[in-house]
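I set aside some time today to go through this model and jot down what I looked up. My notes follow, in the order I took them.

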Amino acid sequence: MVLRELLARTERIEDLRDLFGALGFKAAQEHVPPGPWLGEDHAQTAGVRRVTLVARHDAFRVFALEAPDPERAVRCAAQRLALRAERGLACALGAAPRRLVCAGWRLGGNAPAVRVASFPLQCPSGRALSTLERLAPAPGETSLALSLRIGEALASEGVTPRFFKAFRAVLERLTDRLAAPRSRTERHALALSALTRVLFLYFIQAKGWLDGDRRYVIHRFDAALAARRAFHRQVLNPLCFGALNRAPAERSPGARALGRLPFLNGGLFEPTALERRYGTADWGNADWRDAFDALFERFHFSVRETEDADLVAPDMLGRVFEGVMDPTERRSSGSYYTPAALVREVVRTALEATLVTRFGLSGRAAERWVYHGEAPPRSVWPPGLTRLTVLDPAVGSGAFLLGALEELTALRQAAGDGPRVAVRRDVLAHSLFGVDLKLTAVRLAELRLWLALVADDEEADLERIAPLPNLDGHVRQGDALLDPLALARSLAGGRGESGSRAELERLGTARRTLFGLAGPAKREALAELTRAEAALARTLFEDAIGRIDARLAALLAGARDRDLFGRRRGLDGAERTLLRRLRASRRALRTALRRLVSEGGAPFLAFESHFGDILAAGARGGGGFDLVLGNPPWVRGERLPAQVREALTARYATWRAASERGFAHLPDLAVAFVERALELAAPGGVAALLVPAKLASSGYAEALRQRLAHRTRIERAATLDEGGSAFRAAVYPMALVAARADPSSQGQVATRLGPKSAAAPVPQRLLQSEGPWLLKPDATRVARHLASRLP
């Protein structure tokens with residue numbers, strides 16, 4: 001409380017004397033000339049106007065600097081301290097927002113590393129106060145020891161990047177230690193499954209759920225070492241596959257000997273398909289010792305994403321996803337972690353639009369519910385509102401599904417539903433769906449969703465903890481853009497068969513049944529879901545093959561027609577290309593059908609077969625998801641393989657080069673995702689995506705802009721100027737929110753996130769002309785004025 005009050009009262013650098021005095025430093029007051037101390041050039045470049053020595057401990061000194069750019073000033077001062085190997089801390093005050101900025105240094109690699117941390121002066125978080133308290137000198141502590149410890153404390157502000165770097169290093173090391181299978185990709189997946197389980201164990205032991213011991217895992221490991229037992233085979237495997245995935249009464253004596261453990265169920269504690277094929281990965285005690293020392297025991301864990309401490313929380317798993325990818329892989333896949341604050345704003349904006357365009361609420365009612373927690377009376381709720389469906393077609397680490405879970409739960413609670421843990425489970429069971437091309441992403445998304453349920457469960461009786469749900473039917477691995485069935489339907493024309501009512505009901509029932517089952521019943525339910533998907537897929541494959549056959553017959557019949565002179569008309573270049581694509585698509589579907597018959601399961605994910613019940617009838621009738629949202633990959637077309645580029649061109653009407661002649665940039669992959677999101681949305685449903693800001697101006701996005709402006713109701717087109725720093729990458733995003741509905745003549749496009757009524761608007765009709773979108777209201781007025789004066 002004292003530190004919080006002192007921070008709030010800090011106005012000048014001299015006030016820092018009291019703050020560091022409260023931390024246990026000896027107060028000092030000595031003016032230090034900036035030029036001689038930093039060097040005239042450095043002092044002038046950093047803008048340092050004044051330097052004062054405000055505190056000391058032994059030979060460790062605390063300097064307060066006055067400068068317009070506090071971060072730059074303290075970094076310069078810390079570099080000066082490091083250069084002369086002096087023990088000390090440089091501090092400065094910043095405005096807008098008011099903050100204390102501190103910099104120290106510590107040895108790192110071949111050169112000293114400067115560490116910088118920032119602390120809010122008003123309403124500092126518990127995490128900030130905890131870090132500040134760690135700067136206090138201990139009785140008898142030497143200046144060298146204090147300097148090293150403060151360097152580490154300031155570095156703890158970067159716990160997230162340090163954690164995912166450590167996670168990646170351990171993952172790569174364990175992958176390399178496996179001898180089988182031969183494919184490194186498969187070894188990587190096996191190692192990731194094992195590490196994900198241990199990571200989950202560290203989160204739940206922080207709640208005391210593992211025999212009441214908050215250091216259960218390492219204690220079991222140490223006991224295994226002492227008894228010369230193999231930790232992996234004799235502790236970890238029985239723990240995951242013999243205890244946590246079974247009710248206490250069904251456990252073997254060996255599993256019961258592991259202590260009082262909850263029955264958690266969940267796909268996390270069942271062998272994956274890869275583990276069933278090759279067996280679970282197995283490492284020796286030395287490998288696990290390295291993993292615990294280098295990763296798990298270096299950090300503290302909390303299941304709450306808003307925990308105020310220097311802890312690893314579930315929201316860091318998005319950074320882990322980014323961290324386990326090579327930089328070249330991340331660039332080629334276009335995958336970037338989305339900051340939680342931005343996710344929240346995009347999800348709220350999307351829900352506000354969905355409540356209006358899909359469910360018919362007034363704009364004012366939707367805004368007050370989403371942003372102020374004031375729910376309309378249930379008597380005016382439209383049907384299906386509690387079963388609103390949300391899809392993220394590029395789920396990544398699950399950031400947007402987690403955001404949707406939070407906001408949908410908040411909407412339900414504002415309307416009087418509860419308790420919170422039950423509402424969250426109901427939202428997850430009926431509303432949230434995701435797809436990603438990478439198994440890594442699917443696993444981390446599942447983990448974060450499970451942890452979101454665990455975080456709110458305050459049950460202390462381990463035997464009464466609700467088992468985790470099965471997400472096999474909700475978060476799926478697959479290609480949201482280019483599955484063979486969707487490509488075939490696009491080439492053949494028309495929507496095609498959607499499956500019989502009985503097949504669709506069977507699919508939906510199987511998914512809902514699987515969600516809450518465990519043990520043998522769960523395995524049978526999973527098999528039934530597989531059979532339901534396969535049966536529907538077979539119907540759809542056969543229908544698509546028949547439609548392609550009909551299209552081929554019509555195309556070839558037209559080629560055999562004769563003109564007025566008796567010559568066969570033949571095929572032009574475009575028709576020959578279509579003929580080749582149709583035949584290739586038919587071959588792919590026939591191969592898939594043979595695999596389906598021989599293996600008994602759908603050979604690839606297709607929305608029409610795996611989510612066919614949702615696409616056939618949304619929450620309010622009219623098939624599709626009520627909301628499709630996310631941050632899809634941004635990949636320049638030139639980086640894509642030629643085969644993928646050709647498939648995108650054949651599949652998506654808006655994925656076209658800016659010009660058919662000469663050199664022209666190919667569209668970004670995000671263009672195809674926008675078109676796909678609108679396809680998957682129900683009538684009146686909403687697509688809300690973070691896309692490259694250049695989609696508003698680039699020539700290659702002209703076809704997409706015209707489609708959006710003329711055939712959808714654009715709710716938002718908000719460029720985010722701070723996007724590069726938020727993403728920690730050179731990317732510049734735009735939040736695009738469009739409803740699958742006809743545009744209104746009076747429609748207004750909001751150009752900022754937040755409540756729509758407070759966002760500056762641009763009339764949608766002004767976006768319907770060719771060329772770049774002008775998304776600044778002032779610029780739009782200027783353009784109209786110039787057009788009237790200079791026609």
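**Entry 1: a pair of phenylalanines.** A reminder to myself that this is a predicted model. I began with F231 and F292, and I found both of them buried. I then looked up how their rings sit: the centres are 5.7 Å apart and the planes stand at 75°, so I noted the pair as edge-to-face. For that label the angle has to be over 60 degrees. Next I checked where the two residues belong. F231 is in helix 11 (residues 231-243) and F292 is in helix 14 (residues 285-294), so this pair ties together parts that are 61 residues apart in sequence.

**Entry 2: a second pair.** I moved on to F541 and F604, whose rings are stacked, with 5.3 Å from centre to centre and 25° between the planes. Here, too, I found F541 buried and F604 buried. F541 sits in helix 24 (residues 519-560), while F604 is in the loop between helix 25 (573-599) and helix 26 (607-610), so the pair ties together parts that are 63 residues apart in sequence.

**Entry 3: aromatics as a group.** How many aromatic pairs does the structure hold? I got 21. I also wanted to see what F231 and F292 belong to, and I found them in one aromatic cluster with Y202, F203, F221, W283, W288, F296 and F301.

**Entry 4: strand 11.** Is strand 11 (residues 681-692) enclosed or open? I noted 11 of its 12 residues as buried, so strand 11 is largely enclosed by the rest of the structure. Then I looked up its neighbours in the pairing. With strand 10 (residues 625-630), strand 11 pairs in the parallel sense over 5 bridges. With strand 13 (residues 733-739), the pairing of strand 11 is antiparallel and runs over 7 bridges. For that side I noted A688, which stands opposite V737 in strand 13.

**Entry 5: the whole protein.** To finish, I took down the overall numbers. I have 32 helices and 15 strands for the protein. Of its 791 residues, 54% are buried. I looked at contacts between residues at least 6 apart in sequence, and 69% of them join residues at least 24 apart. The accessible surface comes to about 34,100 Å², and carbon and sulfur atoms account for 51% of it.

Conventions:
Residues numbered from 1 in each chain as written. Predicted model: local features only at pLDDT ≥ 70, side-chain atom pairs only at ≥ 80, totals over all residues. Heavy atoms only, no water. Phe/Tyr/Trp six-rings, centres within 6.5 Å; stacked < 30°, edge-to-face > 60°. Helix = DSSP H or I, 4+ residues; strand = E, 2+ residues; numbered from the N terminus. Buried < 20%, exposed > 50% of the residue type's maximum accessible area, 1.4 Å probe, protein only. Contact = heavy atoms within 4.5 Å. Areas by Shrake-Rupley, 256 points an atom, 1.4 Å probe, with all protein chains shown as cover. Pairing = 2+ DSSP bridges.
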